[in-house]
Amino acid sequence: MATKSGDTSHLYDGKTVRSAAPSRKKLAAKGSAGTDIPKDAIPQVEVPSFIESLLGGPVVPKMKFLPAEKMVQNLQLGTYGILIALGILTYIVTPAVGTIWFTLFGSLTAANILQLFIVIGAVGCGFWGTMARDARFLLGSYILFILSVMRFASSKVSLSQDLFGFADNDFLLTILVVVYAVLLVMYFELSNGVLRFSMLDTSMRTREVYVMNVKKIISKYHRSLVINPLIAGTLAMMVLSANTILPAIVRLFSEQMAQRMEESVELISVYGVALGTLFVFLVVGGLFALDLPTHLQSWREKRD
Amino acid sequence: MWSRKSAMLGSLAVAMYLLGLTLRNSQLVTIAVVIFVFLTWAALFGSHADVASSGRRAEEWSGEEGVALNSVTAMRKLSSARIFEDGEVSVTLRMQNHSGLGKILEVRDRVPEVMRIKSGANYILMELPPRRETFIEYTVECPLRGFYSLGPVAVRVQDPFGLFHKEKELHVYNDFLVFPKMEDLKETFVKSRVPKIFTGAVNIRQPGPGSEFYSLREYFDGDSFRSINWSAYARSGKLMVNERERDAVSDIILIVDSRAVSETGPVSRNALVYSTRAAASLAQYFLGRRDSVGLITYGDEVVSVDRDTGKKQLYVILTKLAGAMAKGNIPLQVVVNRILPHINKGSPIIVLSNLEDDPTIVNALRDFRARNFDVTVLSPSSLEFEFDAKRLDRTGYEVLKTERDVLISELRSLGVNIMDWEPDMLLSTALAGARGF
């Protein structure tokens, strides 16, 4: 009599199957006669998206970390500190006037509220991303910070709050903008450092990687965290002070020319800054084109 | 080399610069400037430059290097160049920094994928001071047979922010050989019901277990009382025992199927893995009895090892088995046609094959049997491997199993000693099953 199920074990009853081990009967089907392919038999194929294939990997890596150790906790604390300072500075240096929402709503109050929400959102996302070590929130925070600074500014640096009278002094205003920019870049670096060192810490504790002299490696990173922003800030300051530095140099040759340069609208506007920046870009591009980093390193090694 | 992070920051800086110009926003331009300065500083003064150098085998160490080479060098030493499956190799990697600058190095010694790091680490992040060297030690476990190569040594130097890095592969390679694991078969054969298990055996002039008389000798402790020759004792007054001439087979031919289909199943559990281990165990056993053993592997070509005896022959066979790759689809009939004229009539032939995807198997084995060869087939079942790995659904398994059983029955009807070798079965058990013990 035919059975409804696909159980074929009865076929082995009372038979001696010499070619088979005793387990054969056990293996003989007990399941249904369905021909569906078991789910676990289908291999998982992950096709990278277009952006992933361009970048050579996911934009936001998903990695589970072990609980943070002191090394990572210190970086997290540093990030929190930077984030608070950056939040305040962003709010100060990016007034709602000229933003997209100001253009959309036409109301300064609404634009102010929205701008404030964006800054708070950026800080909140940053806090959560740093605490949870979740790259998605950090990416969100970066985007919000950049979004908050995107405004039509008519070549003028204006402040939403000016408690200390920065707006009256161009030099102080430049310092404020440079500090803001340095803090933003520091935030990018530190929050990224939290993830990088979490990865390293996890790899070390899972014995995937062995690290010799951890303290020295970390101290080198800490040293760079202090030196690099200082240098970046100083150089940026010089670039932004092009309207002061250039006339000062020119004054050595021609007083009249220097006077004209100081009064030049182009040089004191954003285009003056852009000119200085372009100069930096050209120098940097030239350095890389000449492969100067490698030559410099070789020279340093030979010298020693 | 730019990392993804630096590339993204660079792109962001360019975008901000252009947006800053469009929106006449000096904050955006300032951020762009800071990012660019940040990148430039990291590029110029991060220790990302020259790691170019050479890698050499440890045997080539020549002591003094002489002039500083402005570089990093790597040398490697292995504890052994030949091991068996599941054996371990200790690796010592010597890294030297010849330059006057300290470097933070990321060193990864490339280990074949199938191997496991048992202790130590092959991936190290370290600060290597100027003109110093360090030794990295780790042990790898080698679970699968084959020819392997350790290396190259990938060295990466990057700046503290991970913005720029330079990678270099130091081409230092160490080759080593992993032989298939062997199972001790002695007990099984000694305890078998028939002392001379293969037909075609000939006596050789050597004392040992057998049936023919060889010589008399004095009794030693441990000799069986049954072997005492009482009449000789009566004559000489000393306890004398009979020595017998050892029964031995003349030639054993092992045929290993290494066609592509033999690797069906998981990497560590497939017919080829089982076949090579079985062939190695059988070769060891028969050569230990001073028999002559030959090996034929067939896949994309027929590779044969001529019959011979001794330890050297075992080494040759093990080397061939270690290098057996699952390739091609040469039918067994081709092998049979090629070897038939060259093997002694009656020689035992042991075929190790999963019996799949070869329509000539029945005819090929019939040819052997027709010439009175004693044929034993050990057939590791690829179906079981696939089923255990859940790559085969039950219905498919049942259908294929039935087909396989039919084939096995047909071969058995030809007088072939055949065993459907299931994954959990020991080789000795499978052999005993094939011979009907």
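**Notes on the sheets, a helix pair and a few loops**

1. Let's start with a strand pair in chain B: strand 5 (residues 103-109) and strand 7 (residues 123-128) run antiparallel and are joined by six bridges. Within this pair, B:Arg108 sits opposite B:Tyr123 of strand 7. Strands here are DSSP runs of E with at least two residues, helices are runs of H or I with at least four, and both are numbered from the N terminus. Two strands pair if DSSP finds at least two bridges between them.

2. A word on the model before going on. It is predicted, so to speak of local features takes pLDDT of at least 70, side-chain atom pairs count only at pLDDT 80 or more, and totals for chains, interfaces and linings use all residues. Residues are numbered from 1 along each chain as its sequence is written, while chains are lettered from A and ligands numbered from 1 in the order in which they are written.

3. Axes are lines fitted to C-alpha atoms, for helices over the stretch in contact, and angles run from 0 to 180 degrees between N-to-C directions. Contact means C-beta atoms, placed from the backbone, within 7 Å.

4. Elsewhere in chain B, strand 4 (residues 87-97) pairs antiparallel with strand 2 (residues 72-78) over seven bridges. Strand 4 of chain B also pairs antiparallel with strand 8 (residues 133-142) of chain B, over ten bridges. B:Leu93 is the bridge partner of B:Arg76, and B:Ser90 stands opposite B:Thr139.

5. In chain A, the axes of helix 3 (residues 70-93) and helix 5 (residues 108-132) come within 10 Å and cross at roughly 175°. The residues in contact include A:Leu83 of helix 3 and A:Phe127 of helix 5.

6. Finally, some loops in chain B. The peptide bond from B:Gly151 to B:Pro152 is cis, with omega near 0°, and B:Pro152 is in the loop between strand 9 (146-150) and strand 10 (153-158) of chain B. B:Asn372, which is not glycine, has a positive phi near 65°.

Methods:
Contact = placed C-beta atoms within 7 Å.
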